[in-house]
Amino acid sequence: MTFMNGVLCAYKSGEIILQAAALTVLVTGGLTLYTFCSKKGHDFSFLGPFLLCALLVLIAFGIIRILFPLGRLGSLIAGCASALVFSGFLRYDTDNLIKRFDYDDYLLAASALYSNTFNLFLAFLNILDDVTITFEEYQSDESFHGRNEAYTAIENYLSIDSSERASKLKAKTTKGMRSIAFSMDDYEVITDEFEGIKVKWYLEKQLPVSQSISWDVSRDEGRRCYKLMFKDKYRSIITESYIPYVIEEGKKIKKRNKFQKLYTNCNGDDRDLWTYVTFQHPATFDAIAMEPNKKQEIINDLMAFTKSKEYYNRIGKAWKRGYLLYGPPGTGKSSVIAAMANLLHYDVYDLELTAVQDNTSLRKLLIDTSKKSIIVIEDIDCSLDLTGQRKNQSKDDENKDSKVLPIKEMAKGTRDKKKSKSKVTLSGLLNFIDGLWSACGEERIILFTTNHVDKLDPALIRRGRMDKHIELSYCGFEAFKVLAKNYLNLESHNLFEKIRTLLEETRMTPADVAENLMPKSPGLENAGEVGLENLILALEKAKEVERLKAEEALKGDGDNGELDEEESDEEDDEEDGSEGEGTSDEDEDDDSSDEDLLKI
Ligand SMILES: Nc1ncnc2c1ncn2[C@@H]1O[C@H](COP(=O)(O)OP(=O)(O)OP(=O)(O)O)[C@@H](O)[C@H]1O
């Protein structure tokens, strides 16, 4: 009984235990005194049968409460009734001890008195009991594998400092998490404090009700629930402020601990649509060389998107946003994607269209992406042939007939052969972006990159599908300053002005600027100056090459006159035809283009 008492007290707040103990001492002392004082007066032996009946009723009520929990009111009634019954027993047993028991019965009388006092204490404990809120691990209305999000958040929240707060801990490593996670063990109690209010968290393990075979291993070993205990007077603070706070904090901790993932659909394994590796790209917006205003605009746009759930609901649109990043190679398109993922802490799904068999597979891939993710299709102009097939088909046939294939055509032939396996259509892709299926899952960013924005089908990149078009261009002076700060830790230098002039006169990608700035040997003393001089040399060289090219072009124009013009026209036509691209085609085929099979 003493042991049981100890266990029970461990799960109650100290204040309640003290109050219950004080009440017990008061009632026990008062009744004993009264019985002693009325030693010769009243005879309480008549109470025996009544108390026995009352005890049986109490036991029956207890069983009913186990089968049909009657909530707080039930425990209040049970507490008051048992306080009365055991006060009666105390009175009755003390009376027996004084008047009827002889020396041999004292042991029995002492145990009876101890048991009465203990039950009285329990009754008071029951009356003064804390409010308890239970958070089940699995909710009955959720899908078979669904875990209660609140339970997971609480688990994460309690894992902070749990190694100091709980005496028995569980340690686990989870795929995709940064470190070993400690959490309180079953039947452990952790005390927490919120705005000066003390609460207790208790982890209870419920044994499985049915012994039926389940494929879900985690559920076979029994479900768990967290019980939050607090005093009734704090009910509103706890339910309105503390619990939302715990859940919010728990989610943040999960986000902090979680590794971002980089998924790919090129896995060669039919079982999993996506396979992933840990996403560890270090790019941040601070390191992106770009006009500061433009950079800030992108950051603001992304942040606004993450907070726009209500807004998207109100206007009746799926909560997703399309970005088109375009610009020459080496201007930082991939780096911006990585910076976006790091800023938002989203997973990245790198969708390789050439590996998707058909529209159905594309839809399956979409459904299988998680929320809070960025779906990327890089170099979309290389993945898709967007100008319709009829013209290309005839061109392909022509190519097949030709005996000697130029290297470019041979390469294209191999690529097309690979592409022909895929039957993804433009309409399939458009549906992927903003069709009915695109609304499965929320908080998603769809991102296309291209080096040739002019070659893309307008339907693919119209506003609404690709909401924001971001051009990444050659390095300007502001972008250079970011690179100089990052690569050389230089914010100003007397060579900056010269570089500014050269950058205005010639075009160089941020990738090339970065490469020139990068110190070539570690620990160089004047690395900053050497880097800047390297860049100046490279810029002057690039300027000279551009000048020579321009001169040659001018000279060529003068020599060849009209003949060259005709030839170049023919070349252009050929090129347009062979690549299957051109705005006029798009216009002609505008309506049918959505339905056309894309060569992937
Ligand atoms: N705007 C930029 N800011 C900072 N670094 C850049 C920028 N552009 C390019 N770089 C540097 O150049 C390298 C290549 O850039 P990145 O791959 O992002 O260019 P890209 O435009 O995606 O090229 P591609 O079109 O060929 O894929 C990066 O590793 C990065 O270090």
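Biologist: Where in the chain is H345 placed?

Modeller: H345 sits in the loop between α12 and β10 (347-350). Keep in mind that this is a predicted model.

Biologist: What is the phi of H345?

Modeller: Phi of H345 is near 60 degrees, a positive value in a residue other than glycine. Most residues other than glycine have a negative phi. Y187 also has a positive phi, near 65 degrees. Y187 is in the loop between β3 (181-184) and β4 (189-194).

Biologist: What label does Y34 get, buried, exposed or partly exposed?

Modeller: Y34 has a relative accessible area of 41%, so Y34 is partly exposed. Y34 belongs to helix α2 (residues 14-37). The C-alpha atoms of Y34 and R91 are separated by 8.7 Å. Along the chain, Y34 and R91 are 57 residues apart.

Biologist: Why does N156 count as buried?

Modeller: Buried means under 20% relative accessible area. N156 is at 14%, so N156 counts as buried. N156 lies in helix α6 (residues 149-159).

Biologist: Which residues is N156 in contact with, leaving aside neighbours within four places in sequence?

Modeller: N156 is in contact with G250, I253 and K254. Contact means heavy atoms within 4.5 Å.

Biologist: What makes helix α17 largely enclosed by the rest of the structure?

Modeller: Count the buried residues. In helix α17 (residues 426-434), 7 of the 9 residues are buried, so α17 is largely enclosed by the rest of the structure. The buried ones are L426, S427, G428, L429, L430, F432 and I433.

Biologist: How many of the residues of the whole chain count as buried?

Modeller: Of the 600 residues, 41% count as buried. The chain has 24 helices and 13 strands. It exposes about 34,200 Å². Carbon and sulfur atoms supply 55% of that area.

Biologist: What share of contacts joins residues at least 24 apart in sequence?

Modeller: The share is 74%, among contacts between residues at least 6 apart in sequence.

Biologist: Now the ligand. Which residues around the ligand come nearest?

Modeller: There are 16 residues around the ligand, and A289, G330, K333, S334 and S335 come nearest.

Biologist: Which elements give two or more residues to the shell around the ligand?

Modeller: They are α12 (333-344), α19 (477-488) and α21 (510-517). The largest share, 3 residues, comes from α12.

Biologist: Which domains each supply at least three residues to that shell?

Modeller: Domain 3 (262-473) and domain 4 (477-557) do. By class, the shell has 9 nonpolar, 6 polar and 1 charged residues.

Key. Residues are numbered from 1 along each chain as its sequence is written. This is a predicted model: local features need pLDDT of at least 70, side-chain atom pairs count only at pLDDT 80 or more; totals for chains, interfaces and linings use all residues. Side-chain values use heavy atoms; hydrogens and water are left out. A residue is near a molecule or strand if one of its heavy atoms lies within 4 Å of it. Helices (H or I, at least four residues) and strands (E, at least two) are DSSP runs, numbered from the N terminus. Ala, Val, Leu, Ile, Met, Phe, Trp, Tyr, Cys and Pro count as nonpolar, Asp, Glu, Lys and Arg as charged, and the others, Gly among them, as polar. Domain bounds come from an automatic or database domain assignment. Buried means under 20% relative accessible area, exposed over 50%, partly exposed in between (1.4 Å probe, protein chains only). Accessible areas come from the Shrake-Rupley method with a 1.4 Å probe; for residues, only the protein chains shown count as cover.
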